[in-house]
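Keep the 3D view open as you read.

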Amino acid sequence: MIKRAKLLTASLSMLLAMAAPAASQTIENELVLITPVARTLTDPALAEFAKYAKERWNINVKTSALAAGTPVAYGRIVEWKGRPDADIFWGGESALFDKLAEQGLLAKLDLPKSVVDSIPASIGKPKPIPLKDPKGFWIGTVLEPYGLVYNPKLFARLGVPEPKDWDDLLHPKLKGNVAQCAPTRSSSSHATYEVILQREGDAKGWEWLKRLAGNTGIFTARSRDVPSVVARGEFAAGFAVPSYMAFEDRLAGYEIKFVAPKTAWITPEPIGIIAGTRHPKAAQAFIEFMLSERGQRVAMERGVFPITPKYRVQGKPGSQAEMAVEFTGGLRSYFDVDVVNIYDDDVAQKRYEAVNSQYRKDIESVAEELKKK
């Protein structure tokens with residue numbers, strides 16, 4: 001009898017020991033993002049993560065996203081002072097993540113070494129683009145270029161070759177047919193304007209931007225509005241980012257294409273956990289999920305590219321993944337090509353407001369006069 005009791009006790013102890021790790025790995029039932037990343041990417045990513053959490057932990061996770069431009073999101077996190085209303089900051093420029101980490105407003109990530117090691121330290125030359133923080137406060141999720149969207153039918157009607165580089169927007173036949181969002185209203189547009197300034201040198205760069213303003217038919221209120229007016233054929237081309245409605249318009253049946261010029265800035269869409277979060281385990285799980293094959297597949301079906309060399313955008317004929325490949329000109333991975341990067345994010349951040357101020361003065365305030373030249 002005593003022997004049997006001892007066996008039962010040993011068995012129970014073993015079961016409890018086996019259950020303990022599983023219990024400790026469970027996650028909270030809520031997750032909130034603050035992000036400039038478009039809902040066309042965040043919504044399916046959160047929905048798939050909720051399915052994954054149900055499958056793995058049998059937990060119904062309530063997910064939501066606070067949409068905010070990068071500078072606005074950064075400002076809110078600073079204002080929260082370690083008592084945030086969101087768990088994760090996702091997307092934008094890595095320099096702002098570095099600033100948050102310096103202020104103690106990001107928590108250090110605790111990802112498996114194999115996951116972190118699967119992402120290269122950087123991509124691109126001569127100015128390498130960091131894909132993860134060596135100190136471990138943020139990590140990239142996808143590669144997304146800031147380039148051009150265009151309407152191939154309208155280009156054909158105007159007798160203009162389809163664009164491949166920035167200079168193609170200056171074609172005289174595109175007068176009044178370019179749509180753009182001013183850098184004062186969008187961090188993604190701001191980064192593209194910085195590419196032009198850093199490529200040309202400031203003096204020539206500002207002259208280039210004035211010439212572009214002369215071809216511009218509309219300055220949209222938001223960068224995400226540029227693809228829509230191009231897709232509808234109201235304008236021929238403009239600066240855009242694939243996930244900011246551009247690929248969504250393609251999925252809706254519009255004939256719209258995207259091209260990343262050779263010097264286009266490519267963001268790794270950084271992600272980090274906000275210090276003081278109420279849902280740290282759910283936040284950690286979401287980041288690990290986004291870097292898994294399942295998470296990367298969700299992203300690659302939205303017109304963006306994998307953050308690791310081991311994945312490529314591909315799917316069955318007619319799938320969203322293959323539509324994305326066609327939409328972006330046949331590219332499946334940025335690790336398949338030589339990435340040229342001239343954009344210096346440190347330079348851009350230091351003079352962010354100065355560039356905006358000069359743009360207001362030299363271009364926005366005299367836009368109508370520039371169109372007449």
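A residue counts as buried here when its relative accessible area is under 20%. The model is a predicted one.

Start with helix H13, residues 320-327. Ala321, Ala324, Val325 and Phe327 are its buried residues. They span an arc of only 160° around the axis, so they lie on the same side of H13. What do the buried residues of H13 pack against? Their partners are helix H10 (242-251), strand S14 (257-259) and helix H12 (293-300). Glycine 329 follows H13. The phi of this glycine is positive, near 85°.

Next comes a sheet. Strands of a sheet pair through backbone hydrogen bonds, either parallel or antiparallel. This one is open, has three strands and runs in the order S15-S9-S17. Its pairing is antiparallel. Strand S15 (266-267) and strand S17 (305-306) are the edges, and each pairs on one side only. Look at strand S9, residues 142-145: two bridges join S9 to S15. Across that pairing, proline 145 stands opposite isoleucine 266 in S15.

Finally, turn to a helix pair. Two packed helices are described by the angle between their axes and the distance between the axes. Helix H7 (residues 187-200) packs on helix H15 (residues 352-362) at about 85°, and their axes are 11 Å apart. That angle makes H7 roughly perpendicular to H15. Which residues meet? H7 brings Ser187, His190, Tyr193, Glu194 and Leu197. H15 brings Tyr352, Val355, Asn356 and Tyr359. By class, this contact has five nonpolar, three polar and one charged residues.

Key: Residues are numbered from 1 along each chain as its sequence is written. This is a predicted model: local features need pLDDT of at least 70, side-chain atom pairs count only at pLDDT 80 or more; totals for chains, interfaces and linings use all residues. Side-chain values use heavy atoms; hydrogens and water are left out. Buried means under 20% relative accessible area, exposed over 50%, partly exposed in between (1.4 Å probe, protein chains only). Helices (H or I, at least four residues) and strands (E, at least two) are DSSP runs, numbered from the N terminus. The arc is that of the directions from the helix axis to the C-beta atoms. Contact means heavy atoms within 4.5 Å. Two strands pair if DSSP finds at least two bridges between them. Axes are lines fitted to C-alpha atoms, for helices over the stretch in contact, and angles run from 0 to 180 degrees between N-to-C directions. Angles under 35 degrees count as roughly parallel, over 145 as roughly antiparallel, 65 to 115 as roughly perpendicular and the rest as oblique. Ala, Val, Leu, Ile, Met, Phe, Trp, Tyr, Cys and Pro count as nonpolar, Asp, Glu, Lys and Arg as charged, and the others, Gly among them, as polar.
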